[in-house]
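Please take the sequence and the coordinates together, and follow the account below from the sheet to the helices and then to the chain contact.

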Amino acid sequence: SPQTLYTYPENFRAFKVLVAAQYSGAKVTTDPAFVFGDTNKTPAFLNKFPLGKVPAFESSDGRCIFESNAICWAVANDELRGASPMDQAQVVAWMSFADNEILPASCTWVFPCMGIMSFNKGNTERAKEDVRKALQCLNTHLLTRTFLVGERITLADVSVCCTLLHLYQYVLDAGFRKPFQNANRWFTTMINQPQVKAVIGDLKMCDKMAQFDP
Amino acid sequence: SPQTLYTYPENFRAFKVLVAAQYSGAKVTTDPAFVFGDTNKTPAFLNKFPLGKVPAFESSDGRCIFESNAICWAVANDELRGASPMDQAQVVAWMSFADNEILPASCTWVFPCMGIMSFNKGNTERAKEDVRKALQCLNTHLLTRTFLVGERITLADVSVCCTLLHLYQYVLDAGFRKPFQNANRWFTTMINQPQVKAVIGDLKMCDKMAQFDP
Amino acid sequence: MALELAHETIWFDKWRVDDAERQFYENK
């Protein structure tokens, strides 16, 4: 029976959920009638999801889940969530890493290039530093590993990969990403997975670092 | 066998872990030799925890876990993590809610009053609004519930409660918290739990909203 | 997509707050 994901198109947070569902086989459909900025402000929606944020998820038995990492957890399977509590803890660690160490820096650096917000040189330089640190941490961890937790793909890989999409797509040119070969190799493996391609399509790593265009 | 938590004293993120351990019975000791700003910059520490951040955790079998929510997951038990994948998803949702909806606003509002960072009037007003929204969401959810997920305390309650500590301690005076009686009731239940008291001691809700003192 | 992304709540100041918190507790 259908499970519904409320989101707007090209939402990298929703990509995490849709990729997880590709691996687990969970039936998740996005509601074509959903209009971001309208539907999520209606009393019916707010009654289910008081914060009015997306992605938002309604399970087949009517349970409403907010926060993208939680929705991933709900549509995943045991393999994706981690085989043991300790593996699950590592999965939670990398999901938090994506939200705490990658996302703020990624948005600070990329959003001005997308025309979404104004550019601030100091913030952007700091964001580049933080992206380097996060990639360095990933790169070290992936020196001896194919995937982030255990031997198979988990929500850790799905979450970190989807949170890196904007960076690899818009600003991580060959020069910037050169020191992080293990991370690049892992990211390339991820975006070439059929289950990932089915959701995000063909992702091309950027050749030229996008700049803010005043 | 001992499991070690590296942190500085009075770290609310570490409180989450220590409270979870109180409930699960996990043996977790904080390393008395740890000096924040020194130990976490040594090569030995960075080799285990490349980001150099705390809290950081080393399990009895030598597994190193970073990010506080992940450490909570590792020291918890099945009851705290959630009985089913769907309950676990709800637990992950509230842990994310604490990090995404409460923490930014709490730091922005309270840290200037604690002398941790400079005051900005606009940011503080926005933070107050965000705190109201988060408390409203909690209050609605707790109208018909004793705890956040299921019938017993889980990591959802532990995480949200510890992330609210600064707010209830410094700025949520009787006037501000008046509209959120269900949330106040739940918070009072939580801080009076022996397992919570054992970690945070006696917490007194603030009488007078702390102000930034230039 | 850009329009919707503009509504995302991102903690852009997180690095500022993290730095301040770290310095405060290092000095403590």
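Chain A holds an open sheet of four strands, ordered S2-S1-S3-S4 with mixed pairing, where strands are DSSP runs of E with at least two residues, helices are runs of H or I with at least four, and both are numbered from the N terminus. Two strands count as paired if DSSP finds at least two bridges between them. The edges are formed by strand S2 (28-30) and strand S4 (64-66) of chain A, each of which pairs on one side only, and the twist from one strand to the next averages 25°. Within this sheet, strand S1 (residues 3-6) and strand S3 (residues 56-58) of chain A are joined in the antiparallel sense over three bridges, and Leu5(A) has Phe57(A) as its bridge partner in S3(A).

This is a predicted model, in which local features need pLDDT of at least 70 and side-chain atom pairs count only at pLDDT 80 or more, while totals for chains, interfaces and linings use all residues. Residues are numbered from 1 along each chain as its sequence is written, chains are lettered from A and ligands numbered from 1 in the order in which they are written, and side-chain values use heavy atoms, with hydrogens and water left out.

Turning to the helices, helix H1 (residues 12-24) of chain A packs against H7(A) at an angle of about 145°, with the axes 9 Å apart; axes are lines fitted to C-alpha atoms, for helices over the stretch in contact, and angles run from 0 to 180 degrees between N-to-C directions. On the H1(A) side, Phe12(A), Phe15(A), Lys16(A), Val19(A) and Ala20(A) meet residues of H7(A) that include Leu155(A), Val158(A) and Cys162(A), contact meaning heavy atoms within 4.5 Å.

Helix H7 (residues 155-170) of chain A is also approached by helix H6 (residues 121-141) of chain A, the axes coming within 13 Å and crossing at roughly 135°. H6(A) and H7(A) are therefore oblique to each other, a class left over once angles under 35 degrees are called roughly parallel, over 145 roughly antiparallel and 65 to 115 roughly perpendicular. Val131(A), Leu135(A) and Leu138(A) of H6(A) meet Val160(A), Leu164(A), Leu167(A) and Tyr168(A) of H7(A).

Finally, 23 residues of chain A are in contact with 15 residues of chain C. About 1700 Å² is buried between these chains, 64% of it from carbon and sulfur atoms, buried area being the accessible area (1.4 Å probe) that two parts lose on being put together, summed over both.
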